[in-house]
Amino acid sequence: MDYKEMYQSWLDNPYFDEATKEELKKIADNDDEIKDRFYADLEFGTAGLRGVIGAGTNRMNVYTVRKATQGLANYIIKQSGQSKGVAIAFDSRRMSPEFADEAACCLAANGIKAYVFESLRPTPELSFAVRHLGCISGINITASHNPPEYNGYKVYWEDGAQITPPHDKGIMDEVKAVTDYATVKTMSVEDAKAQGLYENIGANIDDPYIAELKKNVLHPEAIEKTAKDLTIVYTPLHGTGNLPVRRVLKELGFENVFVVPEQELPDGEFPTVSYPNPEAEEAFELALKLAKEKDADLVLATDPDADRLGVYVKDGQTGEYHCLTGNMSGSLLADYEIGQKQAIEGSLPADGELIKTIVTTNMVDAMAKHYGIKVTECLTGFKWIGKEILRMETTGKGQYLFGFEESYGCLIGTHARDKDGIVASMALCEAAAFYKAQGKTLWDAMLEMYEKYGYYKDAVIAVAHKGIEGLAKIKSIMENLRNNPPKTIGDYKVLKTRDYDKDEIVDLATGEKTTTGIPKSNVLYYEMEGDAWLAVRPSGTEPKIKLYYGVVGDSLDDADKKSVTLGEQVKALLDSL
């Protein structure tokens, strides 16, 4: 069926409810809208579903959620995992509670018990719950930091990480095999509860989760000494972080925590921001205003599902608030956690590992060299860091010390298998207290880190290409770069190219070819002279192409200038494709 026939079939089929049909009738004269809603099925990718909420095969709605869940249920049954159950969490977005119940009812109709959080919870707590309850899988209804018209459906496996091979392909195949919406099983919440297949969870997960976070505190004495003098401003950006962040900070003794009142309560419309993303400058506008009123030492923001943390820190000399990128805050936390473990224990494990993604700052490598530990690289997406933790656990080789990615996400400890903005908030406040006890600010610590490892500056350019034409444009850009690899990028000579889709590294001077050693992915990477680099990849969650790049300078000012220049040259390269 073409998109027009599929549109008509939804109008004619008694399976779809009247509200859905009324929504579709309103676009009867808009062929472009009909095409966008029905030209394809909403793709179940390696992280699950993500899309605009609405009626249609290419939208997030109760029918596409049921279809995805039926495919997941079929896979779980084939893996003989139905007796373990599935944990389900949801965030503050439109339709999140409804989608969570639709997923639970579909699982229940397939004989699989669903453990559903009674109210919204952060993504890392869902990851924790999967392992804490011994579930075979987990579902999180969230679209992370996407605009309010979006929602999503993330799938986790029993290790607590988002699905990776072979489970991702197995589940995707099962979802694709569900071609008739009417064959999807479901039942009412009441019947599911009556049959013991639907159980609400809440405090029985919250309490052990928070307890696990607190085990990662390294210097409680520093908190006790300086917490009364440390002022923290925090915003959950209308999402899930409000209660757990405030709870863990309060229990540790931080008294001066001020929450941005306009952004405190959950609201799927995100009325104070156009884009609830802690990477965006506008997300901090209200928080910085409050920070200046309270003379705050640091400003924190978690995204709606609270797996990522954005940070501003105060410069004690100028009173200015500096934004820390994900690379900066991740490096600062890595140095604190690893350095203080070494100081407390006298040494680090001989097989200790610091894990980063392929688009994360090269400061990590300099840091690891300083501490004498191994850097393990993995693909973009925290599930791959989770997979490395699983590898260490199952083989008994390697000890996880820290892991982070440039997109404002890290994991301290191994209580979860996803990035955790709650534990990151806790750890950053602890670090602030520790440095304050030494008469330093977090910005002072950042400057000391630059002086020790080098003035690394990293940035990312994201260009949106929406719709069918946008997908074609992104594909064309990747093909052009793949078929015609640049020998120079701006002022920099390219030394090596990495094509992760081909699993190939090419030394341009010698022509020697080696393998990347990690799973295939549609990513191109260019190693350049002076430790500069560029990576290009399509976003896995948004209709964007992303270009990551990094430089090293002789000073902060030098690094900033080099970064601006390379950024302009990268844009010029993109425009030429």
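Helix 14 (residues 363-371) lies across strand 12 (352-357), strand 13 and strand 14, and runs at about 175° to strand 12. Keep in mind as you look around that this is a predicted model.

Which order do its strands take? The 4 strands form an open sheet in the order 13-12-14-15, and their pairing is mixed. Strand 13 (374-378) and strand 15 (409-411) are at the edges; each has a single partner strand, so one side of each is left without a neighbour in the sheet. On average, and with direction ignored, neighbouring strands here are turned by 20° against each other. Strand 14 (residues 399-405) pairs with strand 15 in the antiparallel sense over 3 bridges, and in that pairing Gly403 has Leu411 of strand 15 as its bridge partner. Another helix belongs in this picture: helix 15 (residues 382-395) lies across strand 12, strand 13, strand 14 and strand 15, and runs at about 175° to strand 14.

Now find Ile373, in the loop between helix 14 and strand 13. Is Ile373 buried or exposed? Its relative accessible area is 11%, and the cut-off for buried is under 20%, so Ile373 is buried. Leaving aside residues up to four places away in sequence, Ile373 touches Ile338, Leu348, Gly352, Leu354, Ala368 and Leu401. Ile373 and Tyr453 are 80 residues apart along the chain, and their C-alpha atoms are separated by 15 Å.

Tyr453 also takes part in a contact between two helices, made by Met328, Ser331, Leu332 and Asp335 of helix 13 together with Leu442, Trp443, Ala445, Met446, Met449, Tyr450, Lys452 and Tyr453 of helix 17. Helix 13 (residues 326-345) and helix 17 (residues 442-453) pack at an angle of about 85°, with their axes 10 Å apart. Angles of 65 to 115 degrees count as roughly perpendicular, which is why helix 13 is described as roughly perpendicular to helix 17. Sorted by class, the contact of helix 13 with helix 17 has 9 nonpolar, 1 polar and 2 charged residues.

The table lists their pairings.

| Strand | Partner strand | Sense | Bridges |
|---|---|---|---|
| Strand 2 (residues 86-90) | Strand 3 | parallel | 3 bridges |
| Strand 3 | Strand 6 (residues 198-201) | parallel | 4 bridges |
| Strand 7 (residues 231-235) | Strand 8 (residues 256-259) | parallel | 4 bridges |

Val86 stands opposite Ala114 in strand 3. From strand 2 the chain crosses through helix 5 (residues 96-109) to strand 3, and this β-α-β crossover is right-handed. On the pairing with strand 6, Tyr115 has Glu199 as its bridge partner.

In a regular strand the side chains alternate between the two faces of the sheet. Strand 3 (residues 114-117) has both faces covered: Ala114 and Val116 on one side, and Tyr115 and Phe117 on the other, are all buried.

Helix 11 contains Asn242, which counts as buried because its relative accessibility is 8%. What does Asn242 touch? Not counting residues up to four places away in sequence, Asn242 touches Tyr234, Pro236, Val259 and Glu264.

Terms used
Residues numbered from 1 in each chain as written. Predicted model: local features only at pLDDT ≥ 70, side-chain atom pairs only at ≥ 80, totals over all residues. Heavy atoms only, no water. Pairing = 2+ DSSP bridges. Axes fitted to C-alpha atoms, helices over the stretch in contact; angles between N-to-C directions. Contact = heavy atoms within 4.5 Å. Buried < 20%, exposed > 50% of the residue type's maximum accessible area, 1.4 Å probe, protein only. Parallel < 35°, antiparallel > 145°, perpendicular 65-115°, else oblique. Nonpolar A, V, L, I, M, F, W, Y, C, P; charged D, E, K, R; others polar. Right-handed = clockwise from strand over helix to strand, strands pointing away.
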